Amino acid sequence: MLRFSGVGVAGLVLAACGKQAGVEESKNIAAVGVVPDAEGLPNVKVTDVVLLRTAASLEYNAIETYEAALGLGVFTGAFAAAGDIAKRLRDDHRGHADAINGLVTKLGGKPFTCGNPRLSEIYISPALGLITDDANDNPALDVVVLAHALENLAAQTYQSVVTMLSDKALRQAAMTIGQEEARHAAILAQELNPGLAGVLPSIDEATGKPKVATVPGAFGPLTPIPVTLGPVNADGSRASLSLETPSLNSLAYDYVTCA
Amino acid sequence: MTLPAVAPTPPTAADRTLLAFANSAEFAARDLYAVAAALPAFNDEERAMLVGFHDHHLAAGQALAGLVGKHASNVREDAVYDAFRGKMAGSDKSAIFDALRELENTLVSTHLSLVGTLEGTGGSALVASILTIQARHAVALGLLGGRAFADALTNDAAPLSPKATS
């Protein structure tokens, strides 16, 4: 009798640890509370089409940024010339986007016709927010600073995909546009730090920081691009962003769409 | 997710010939900047820029030599040098800047052509990093020479061909 009772208690304990009636089984490990099911990313490849769609998305980031900048109405007075440059560069980016999407279509892919969602979220929107902050004393200057950074980002992106594109004709097409982005960056660098003094790298003696250079070195860099924007904070500092070329979490995969 | 092979691939035998040509073209540009920087027309600030660009071409030539090793001649391409040498004279600074701009645009076009020809991505990546800087050189020279910004964005120069110059 005692022996049967022992078996009965053990059975009750096991039953308590096992499947329970009316409770939905979870694929996750045991946990307290409600845990959503793990949701994996689609299994995708970084192909020539994905790289070109990503390049197109950057072109649209630039187009949208120039449109937003022109819409602010800040290109007046000393910045009137910058407005003309912004219009020309915006038009160039439209041409680049069409050219890149033409290649995408030729390769059987779907053109990408909006700004890169991830880069918009982490770079463009915060930057425009800082620029348009009511406390910002010089939005026109900050617009040029942001545009210069985006042009450098675009130039670096084209340069960085050279080793990833499988077709050498695509590498040439990418660099044909990439060198135009470098020219854009150089034009804007001259707006920010004009004349001979702004051509080669130099240091701002007051801040100890590097000044903007038209020609930053002997080789095209592939490094993060720091940008300082917006109003001066209470501690005297300003917000900084660090722009980096698209990576696995910001490529325009086939499943990424313009929502 | 799968990344494409991003490790650069080495130059092929045909690549080495093209990269060796680029090496000698860079040294021609280096020597042309040396001639320009020695002209009395330029002040110290202008000379510093010319010497800076000279050093960039030297670095580019050396990097190309590093990639192709014994295949690099490490001497200037005379055809390139001779084509521009006559313009590195006189006191018209804008004309000299304009000639150097033309040289830079020619090199950009040449390097773009190489990127579309080279099989190994190591060579393509190096040439790509060189040509973006030379595009910037062209802009600086265009603006300092008094050209409108739209001109500085334009490159109508034809690429050099190894066969045509050597």
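Guide: Let us begin with a definition, since a residue is called buried when its relative accessible area is under 20%. What you see is a predicted model, and the values I shall quote are computed from it.

Visitor: Why is Phe53(B) called buried?

Guide: The relative accessibility of Phe53(B) is 0%, and the cut-off for a buried residue is under 20%, so Phe53(B) counts as buried.

Visitor: What makes Tyr33(B) buried?

Guide: The reasoning follows the cut-off of under 20%: Tyr33(B) has a relative accessible area of 0%, and therefore it is buried.

Visitor: How many aromatic pairs does a search of the whole structure find?

Guide: Over all chains, the search finds three aromatic pairs. One of them is formed by Tyr33(B) and Phe53(B), whose ring centres are 5.9 Å apart and whose planes stand at 80°.

Visitor: Why is the pair of Tyr33(B) and Phe53(B) called edge-to-face?

Guide: Rings pair if their centres lie within 6.5 Å, and planes over 60 degrees apart count as edge-to-face; because the rings of Tyr33(B) and Phe53(B) have centres 5.9 Å apart and planes at 80°, the pair is edge-to-face.

Visitor: Which parts of the chain does this pair link?

Guide: It links distant parts, with Tyr33(B) in helix α1 (residues 13–37) of chain B and Phe53(B) in helix α2 (residues 44–68) of chain B, the two being 20 residues apart.

Visitor: What makes the pair of Phe42(B) and Phe97(B) tilted?

Guide: Their ring centres are 5.5 Å apart and their planes are at 40°. Planes under 30 degrees apart would count as stacked and those over 60 as edge-to-face, with the rest tilted, so the pair of Phe42(B) and Phe97(B) is tilted. This pair also links distant parts of the chain, for Phe42(B) is in the loop between α1 and α2 of chain B and Phe97(B) in helix α4 (residues 93–115) of chain B, 55 residues apart. Both Phe42(B) and Phe97(B) are buried.

Visitor: How do you know whether the radius of gyration of chain B agrees with that of a compact globule?

Guide: For 166 residues, a compact globule would have a radius of gyration near 15 Å, and chain B has 16 Å, which agrees. Along its principal axes, the C-alpha trace of chain B spans about 55 × 35 × 25 Å, and 52% of the 166 residues of chain B count as buried.

Visitor: Which secondary-structure elements do chain B and chain A have?

Guide: Chain B has seven helices and zero strands, whereas chain A has six helices and two strands. Read along the sequence, the pattern of chain A is α-α-α-α-α-α-β-β, and buried residues make up 44% of its 259 residues.

Visitor: Why is Ser250(A) called buried?

Guide: Ser250(A) has a relative accessible area of 5%, to be set against the limit of under 20%, and therefore Ser250(A) is buried. Ser250(A) is found in the segment after β2 (239–243) of chain A.

Visitor: Which residues does Ser250(A) touch, not counting those up to four places away in sequence?

Guide: With that exclusion, Ser250(A) touches Thr54(A), Asn116(A), Arg118(A) and Leu119(A). The C-alpha atoms of Ser250(A) and Gly108(A) are separated by 21 Å, and these two residues are 142 residues apart along the chain.

Key:
Residues are numbered from 1 along each chain as its sequence is written. Chains are lettered from A and ligands numbered from 1 in the order in which they are written. This is a predicted model: local features need pLDDT of at least 70, side-chain atom pairs count only at pLDDT 80 or more; totals for chains, interfaces and linings use all residues. Side-chain values use heavy atoms; hydrogens and water are left out. Helices (H or I, at least four residues) and strands (E, at least two) are DSSP runs, numbered from the N terminus. The radius of gyration is taken over C-alpha atoms; the globule rule is 2.2 Å times the number of residues to the power 0.38. Buried means under 20% relative accessible area, exposed over 50%, partly exposed in between (1.4 Å probe, protein chains only). Rings of Phe, Tyr and Trp (its six-membered ring) pair if their centres lie within 6.5 Å; planes under 30 degrees apart count as stacked, over 60 as edge-to-face and the rest as tilted. Contact means heavy atoms within 4.5 Å.
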